[in-house]
Amino acid sequence: MSINWKDYDPNGFYDELISSPGHPRKIARTLTKYLQSLSQEELLNRREAAEIAIKAMGITFTVYSEGKNIDRAWPFDIIPRIIPANEWRKTSAGLAQRLTALNLFIDDLYHDQKILKDKVVPAELVLKSKNYRPECEGISPAFGAWAQICGTDLVRDEKGTFYVLEDNLRVPSGVSYMLENRKVTKRVFPELFEHHNIHPIGSYIDQLYKTLASLSPRKLEFPEVVVLTPGIYNSAYFEHAFLAQQMGCELVEGPDLVVGDDDCVYMRTIYGLKQVDVVYRRIDDLFLDPEVFNPDSVLGVPGLMRAWRKGNVALANAPGAGVADDKVIYTYVPDMIKYYLDEDPLIPNVPSYLCMEKSQCDHVLANLHKLVVKPANESGGYGMLIGPKSTKKERETFAQLIKKNPRNYMAQPTLSLSTSPTICGNNIEPRHLDLRPFILQGEDMYVTMGGLTRVALRKGSLVVNSSQGGGSKDTWIIETEAS
Amino acid sequence: MLSRVAERIYWMGRYLERAENTARLINVYANLIFDLPKGSPINWDMLPSIMGGKKLFSETYSNFDEKSVCKFLLIDADFSGSVMNSVIYARENARTTREELPNEAWEMINELYLFIQDAPSPTQSRNKRSLFLDEVIARCQEFSGMTSGSMTRDDAYNFIKIGREIERADMTTRIIDTGATCAMEMSEEMYSTYEHSLWVYILDALGAEQMFRKIIRDRIDRKAVLEFLLLNRFYPRSVFYCLDGIEHEIQNLPGNHEVQRAMSHCKLHIKKADLATLEKMELHDFLDAIQLNFNHIHQQISDSWFQIGLTDQEQSA
């Protein structure tokens, strides 16, 4: 028995492939027809082939469980998610617009603070943020880019409009899975690539290297770029090793680097000390340099901040960029776009309530059962309250937390996240998903073609994080006119 | 190559070699003991001291019998030289340098680790122990074969090889030392009866008996065995062969001068000894001195390539 799309019901949510039972979207017709041509058995065989490929390619992520670190195979759904190229071009422009404004904002904060003086963003909010780093004041990273690598999470509502859910400006991860997902899909459904005009995504690695190299203080043909990892126990170690290997750079740990008396950064190789120009660091600010931040950090490099401030090394992302990666500051991004660029935001924010504003806070407290409450500075989906799925006790706990520290919380209405057909057990069912494109800003700007689609594998669930039962899909940007 | 990566790869090579040789030593020591008459002074409790774990062993175990010694040397979690720990350390080093190694390297070491975790306890019976030891030896050999058959001769290969050779040389001297130590324990009468078996056993422990007969064609005695295991330039477990191997691997490494010097010093030390007269205590002391030479070589390797750019403070830490 093969798939009958008449049995597939998106239940009123916006579905990426099927507009209503039996009616695939125009862009998805080749795919849905092809899937229908496969018997159930064949479809499940393909899924198995994908699992084997993922194991053989060693695509893993690390979870910390029962006191041990376990490498798990990357959970992947073989049915791709499709976005029309013309829609993507608009979205892509919106993402570039957003990162441009965010970098102008960060640069302003560490220099003249015009936006605070003009009271567009409350000064207190920024200066008291735990991600504001006075140590960064007066520094001017190349091209005014503080967040050179950004992962922005997008979701669609029930009408299919894209909204920005959050901007990840510290050490966003996931791009290696975006690239590996495509390789797996090519192995599993090679025939589909013949009949579609799917935009390739593989240039990300070159673009990343180009962006990083453009930051080098020394103008060399081949500056020394390294990837700095906290080590094997980090959940994204696979990605760190992957990116280093793909770019042909060294994967270094803190103790591999040393800052000399000349305030330059060197790595320890068997051939002696070798100067490093650009550090793509995948370590949080606070662990970066024990001389300046957490003195107990063994992951970082003593003197790294000194070398950076002297302009002898580039750090990506720059320390202090995280100040704009705060769920409360997030609500001001549309204002920033207006303020710095005099443009309207091309992609809207999800409507949000700030608990620091008395009237909004009262609304939040009165409607906890309907809202999603997020702490300002957590990532990975931790520390959130999902109102409609919460117990009375959880809501009471959150009400206390909010009253105690209103600055630290914001709330959003529960979104009707879009869905896409996903293999669940032996059937195909709708599952909710989001999208994380990656945006690079150095000498030039670059937006990935699509991004990493994360899917909540549990029925009805909205939590897409891989540490909490999420999976992923390949994301296709398809050119329509040419077909 | 990063110094840290080189160091981890070097230790991965050493630990695997250590696991293999410890397994060999136990396997053959058992054979020797079975051949000796009941009530002989040769006991299992000599092995921990030869493996540098005498103090820890006597503190942790009340019974110094075969079972305790085997448990200590094979699976004791507190003894850093146990076969299990050697494999765990080798795996940890491989895990953090995967991007420099062929995929099979990691897979083989991981499978060896899983085998040791899942295998029935080797101290349950002599039969289980023997199967366990054979499997460990075979898997380590498989790893050596894979690396030499499939790796580009680059920095990574150099450091695996250097680690393997220095550990192999060191373990050869320890295995010879079991002979010297047994001889010390024996009465004159027993020694004259069993000396020949003792040296056959030493060759056997290194899997060298057949090679000895093929190359030396002479009867097996102490001097001939010492010459073979220390000075032979063609047998891969002899100390000189291992040292030649290290010299070959370091040729293309930068700043190898100090290591070269340490190697020459060690070779000279062995060459100028009068092997015919060395036995019992003198032989034991001589082997100890060679091991100190190896430590010195290791120190020079570490200083030349692993400790690049460390401050004095960091080095002392």
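## Two chains, question by question

Guide: Let's start with B:Val69, which lies in helix H4 (residues 66–75) of chain B. Helices here are DSSP runs of H or I with at least four residues, strands are E runs of at least two, and both are numbered from the N terminus.

Visitor: Before we go on, what kind of model is this, and how are things numbered?

Guide: This is a predicted model, where local features need pLDDT of at least 70, side-chain atom pairs count only at pLDDT 80 or more, and totals for chains, interfaces and linings use all residues. Residues are numbered from 1 along each chain as its sequence is written, chains are lettered from A and ligands numbered from 1 in the order in which they are written, and side-chain values use heavy atoms, with hydrogens and water left out.

Visitor: Back to B:Val69. Buried or exposed?

Guide: B:Val69 counts as buried, because its relative accessibility is 0%. Buried means under 20% relative accessible area, exposed means over 50%, and partly exposed is in between (1.4 Å probe, protein chains only).

Visitor: What does B:Val69 touch?

Guide: Leaving out residues up to four places away in sequence, B:Val69 touches B:Trp44, B:Asp45, B:Leu47, B:Pro48, B:Phe57 and B:Phe64. Contact means heavy atoms within 4.5 Å.

Visitor: And B:Asn158, where does that lie?

Guide: B:Asn158 lies in helix H8 (residues 155–185) of chain B. B:Asn158 is buried because its relative accessibility is 10%. With residues up to four places away in sequence not counted, B:Asn158 touches B:Glu249 and B:Leu253.

Visitor: New topic. How many residues are in contact between chain A and chain B?

Guide: 18 residues of chain A are in contact with 22 residues of chain B. About 1800 Å² is buried between the two chains, and carbon and sulfur atoms give 50% of that. Buried area is the accessible area (1.4 Å probe) that two parts lose on being put together, summed over both.

Visitor: How many salt bridges between chain A and chain B?

Guide: There are 3 salt bridges between chain A and chain B. A salt bridge is a side-chain nitrogen of Lys or Arg within 4 Å of a carboxyl oxygen of Asp or Glu. A:Asp256 forms a salt bridge with B:Arg4, with the closest N and O atoms 2.6 Å apart.

Visitor: Which elements of chain A give two or more residues to the side that touches chain B?

Guide: They are helix H9 (237–247), strand S9 (250–252), strand S11 (265–269) and strand S12 (272–275) of chain A. By class, that side of chain A has 10 nonpolar, 3 polar and 5 charged residues. Ala, Val, Leu, Ile, Met, Phe, Trp, Tyr, Cys and Pro count as nonpolar, Asp, Glu, Lys and Arg as charged, and the others, Gly among them, as polar.

Visitor: You mentioned S9. What pairs with S9(A)?

Guide: S8(A) and S9(A) pair in the parallel sense over 3 bridges. Two strands pair if DSSP finds at least two bridges between them. A:Val226 stands opposite A:Glu250 in S9(A). S8(A) also pairs with strand S13 (residues 278–281) of chain A, in the parallel sense over 4 bridges. There, A:Val227 stands opposite A:Tyr280.

Visitor: Are the faces of S8(A) covered or open, and by which residues is that seen?

Guide: Both faces of strand S8 (residues 225–228) of chain A are covered. A:Val225 and A:Val227 on one side, and A:Val226 and A:Leu228 on the other, are all buried.

Visitor: Back to salt bridges. How many over all chains?

Guide: A search of the whole structure finds 55 salt bridges. One of these joins A:Asp167 and A:Arg98, with the closest N and O atoms 2.8 Å apart. A:Asp167 lies in strand S7 (residues 162–168) of chain A and A:Arg98 in helix H3 (residues 85–109) of chain A, so the pair ties together parts that are 69 residues apart in sequence. Both A:Asp167 and A:Arg98 are buried.

Visitor: What about A:Arg182? What does its side chain meet?

Guide: The side chains of A:Arg182 and A:Asp474 meet in a salt bridge, 2.9 Å from N to O. A:Arg182 is buried, with a relative accessible area of 5%. A:Asp474 is buried at 2% relative accessibility.
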